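Here are my notes for your review. Please read them with the model open.

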Amino acid sequence: MRAVVYDVPGQFAVRDVPTPRPGPGEVLVRMATAGMCGTDLHLHEGQFLANFPLTPGHETVGVVESLGPGATDGEGGLLTPGQQVVVNPNSSCRDCDYCSDDTPWLCEGFAGIGSSTPGGFAEFVLVPGSQLFDATGIDIDLAVFAEPSACIAHLMDRLGPLSGCSVAVIGGGPTGLLLAQFLVHSGARAVALADPNRFKLECAEAVANVATTVVDRDDVQGSFERMVAGSGRAFDVVVDATGNPRVIEALPLLARNGGRIVYYGVADEHARVTVSPFEIFRRELTIMGSFTEVDSFPDALGAFRAGAIRMDGVITHRYPLEEYAAALDALRADRSAHKIVIVP
Ligand SMILES: [Zn+2]
Ligand SMILES: [Zn+2]
């Protein structure tokens with residue numbers, strides 16, 4: 001089969017590799033669409049738990065090609081060839097202290113399909129059946145957002161009840177747009193979304209009940225002050241979906257006293273920001289991180305099936321496997337790109 005293969009960070013080729021065969025409990029999935037996101041740029045640099053040689057691709061929809069003995073899906077359901085499925089790339093060791101405490105996303109042995117083992121930028125991907133979920137009847141252009149949605153569903157669990165809360169989301173990319181909709185679905189009273197890109201904000205206004213602010217890249221602080229003025233008061237919860245240190249440093253401007261600030265966007269591993277410990281203390285701010293999920297796919301797919309999440313028109317760029325280099329370039333620098341997917 002054809003696959004994107006990195007032998008070392010920064011250097012990949014699209015080449016023939018052996019098509020894997022499913023062993024006991026495993027399933028071979030024929031890839032239909034695989035989403036790209038900022039994580040793939042971090043993996044390109046050898047960050048984000050990357051294990052080489054590597055075939056990335058962690059946001060994947062496909063159909064069951066063949067089954068190993070005894071393979072069932074993540075909810076114990078039977079799988080049949082031709083069935084549309086989504087892949088939960090994330091798994092834990094099930095053995096360490098964190099796994100024993102029912103917090104498997106904190107596992108020291110956390111592994112990811114598409115970062116620690118071969119992922120979906122290939123014609124086929126081999127998956128433990130327990131990491132597959134039925135996506136029958138879900139539009140493929142929505143199903144491809146199952147993985148980022150599951151990570152957000154995990155954040156919703158961590159935030160707890162949101163009724164009455166106002167929330168600011170910074171970053172209007174696919175993740176910010178999903179966050180905004182999951183926050184509304186979780187009961188947030190008001191959600192405000194900010195981004196420098198008007199096209200992304202218009203996309204958000206078309207599918208979600210959000211107030212939007214255009215961020216001036218050269219005046220992030222001024223933009224945030226306008227955002228607070230526009231909403232009437234500062235926000236109970238502020239979520240960064242950019243990973244940009246200049247944005248992250250300015251987040252306290254958006255938060256009410258006693259508010260929570262979430263680092264959700266993936267920052268460079270070497271990035272550092274300046275915070276005022278006195279301000280955190282005096283204003284009783286909480287800064288929290290939220291990384292990924294292990295068991296949130298059913299929640300994400302439930303929100304899809306309930307009609308709570310719409311991503312109409314968000315996929316702007318589709319590339320075949322052979323054009324992975326062009327897809328990476330677009331992910332880095334094309335400001336007209338919203339969601340980029342690989343169609344093997
Ligand atoms: Zn991703
Ligand atoms: Zn563990």
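Are C96 and C107 buried or exposed? C96 is buried, and C107 is buried as well. Keep in mind that this is a predicted model.

1. **Zinc ion (ligand 2), donors.** Four cysteines coordinate the zinc ion (ligand 2) through SG: C93, C96, C99 and C107. The distances run from 2.3 to 2.4 Å. Along the sequence, these donor residues follow the spacing C-x2-C-x2-C-x7-C. The pair C96 and C107 links distant parts of the chain, 11 residues apart. C96 lies in the loop between strand 6 (90-91) and helix 2 (97-100). C107 lies in the loop between helix 2 and strand 7 (111-112).

2. **Zinc ion (ligand 2), geometry.** The arrangement is tetrahedral because the four donor atoms subtend angles of 102 to 117 degrees. For four tetrahedral donors the ideal angle is 109.5 degrees. The cut-off applied here asks that all angles lie between 85 and 135 degrees.

3. **Zinc ion (ligand 1).** Here the donors are C37 (SG), H58 (NE2) and E59 (OE), at 2.0 to 2.2 Å. Their sequence spacing reads C-x20-H-E. Both H58 and E59 are buried.

4. **Helix 10.** Helix 10 spans residues 297-305, and its buried residues are F297, A300, L301, A303 and F304. Seen down the helix axis, they fall within an arc of 155 degrees, so they line one face of helix 10. An α-helix has 3.6 residues a turn, so residues three or four places apart point the same way. The cover over the buried residues of helix 10 includes strand 5 (84-87), strand 9 (132-134), helix 3 (140-143), helix 4 (146-159) and helix 5 (174-185). Just after helix 10 comes G307, with a positive phi of about 80 degrees.

5. Six strands make up an open sheet, ordered 12-11-10-13-14-15, with parallel pairing. Strand 12 (211-214) and strand 15 (286-289) are the edge strands, each pairing on one side only. On average, neighbouring strands of this sheet are turned by 20 degrees against each other, direction ignored.

6. **Strands 14 and 15.** Strand 14 (residues 255-263) pairs with strand 15 in the parallel sense over four bridges. I261 has I287 of strand 15 as its bridge partner.

7. **Helix 7 on the sheet.** Helix 7 (residues 220-231) packs on the sheet. Helix 7 touches strand 10 (166-170), strand 11 (190-195), strand 12 and strand 13 (235-240). The direction of helix 7 makes about 155 degrees with that of strand 12.

Terms used: Residues numbered from 1 in each chain as written. Chains lettered and ligands numbered in written order. Predicted model: local features only at pLDDT ≥ 70, side-chain atom pairs only at ≥ 80, totals over all residues. Heavy atoms only, no water. Donors = N, O, S within 2.8 Å, 3.2 Å for Na, K, Ca; no water. Tetrahedral: all angles 85-135°; square planar, octahedral: opposite > 155°, others 65-115°. Helix = DSSP H or I, 4+ residues; strand = E, 2+ residues; numbered from the N terminus. Buried < 20%, exposed > 50% of the residue type's maximum accessible area, 1.4 Å probe, protein only. Arc of directions from axis to C-beta. Contact = heavy atoms within 4.5 Å. Pairing = 2+ DSSP bridges. Axes fitted to C-alpha atoms, helices over the stretch in contact; angles between N-to-C directions.
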